[in-house]
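Here is a colleague's note to read beside the model. Please keep the sequence and the 3D view open while going through the points.

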Amino acid sequence: MDNKINLESFPSDRVEALAMLYLYKRDTRGMSPEDLTKEYLRAYQEIKDTFKSERHKA
């Protein structure tokens with residue numbers, strides 16, 4: 001029997017949390033929703049790639 005409880009919330013992991021923190025610390029005034037989305041996705045991918053490369057170094 002699976003007793004796992006799955007709560008879906010944001011951020012759901014450290015990559016999402018760091019990407020959001022990165023945008024929070026930036027001056028996003030004047031950014032369009034499209035620009036903000038692209039910047040979030042770029043930050044998310046860079047952070048994810050960094051975790052992956054650091055994991056392989058260990």
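**Notes on charged, aromatic and nonpolar contacts**

1. Glu 39 counts as buried because its relative accessibility is 14%, where buried means under 20% relative accessible area, exposed over 50%, and partly exposed in between, with a 1.4 Å probe and protein chains only. This is a predicted model, in which local features need pLDDT of at least 70 and side-chain atom pairs count only at pLDDT 80 or more, while totals for chains, interfaces and linings use all residues. Residues are numbered from 1 along each chain as its sequence is written, and side-chain values use heavy atoms, with hydrogens and water left out.

2. Glu 39 forms a salt bridge with Arg 26, and their closest N and O atoms are 2.7 Å apart; a salt bridge is a side-chain nitrogen of Lys or Arg within 4 Å of a carboxyl oxygen of Asp or Glu. The pair links distant parts of the chain, since Arg 26 sits in the loop between α1 and α2 and Glu 39 in helix α2, 13 residues apart. (Helices are DSSP runs of H or I with at least four residues, numbered from the N terminus.) Arg 26 is partly exposed, at 33% relative accessibility, and a network of salt bridges links Arg 26, Glu 39, Arg 42 and Glu 46.

3. How many salt bridges does a search of the whole structure find? The search finds 5, including one between Asp 27 and Arg 29 at 2.8 Å, N to O. Another joins Lys 57 to Glu 54, with 3.2 Å between the closest N and O atoms, and both of these residues lie in helix α2, 3 residues apart, about one turn of the helix.

4. The whole structure has 1 aromatic pair. Tyr 40 and Tyr 44 form this tilted pair, at 6.2 Å centre to centre and 35 degrees between the planes; rings of Phe, Tyr and Trp (its six-membered ring) pair if their centres lie within 6.5 Å, and planes under 30 degrees apart count as stacked, over 60 as edge-to-face and the rest as tilted. Tyr 40 is buried at 16% relative accessibility, whereas Tyr 44 is partly exposed at 22%.

5. On the surface, Leu 18, Leu 21 and Tyr 24 form a nonpolar patch with about 330 Å² of accessible area together. Such patches are made of residues with over 30% relative accessible area and no salt bridge, nonpolar side chains (Val, Leu, Ile, Met, Phe, Trp, Tyr) being joined within 5 Å and like charges within 9 Å; accessible areas come from the Shrake-Rupley method with a 1.4 Å probe, and for residues only the protein chains shown count as cover. Tyr 24 is found in helix α1 (residues 14-25) and is exposed, with a relative accessible area of 65%.

Key: Helix = DSSP H or I, 4+ residues; strand = E, 2+ residues; numbered from the N terminus.
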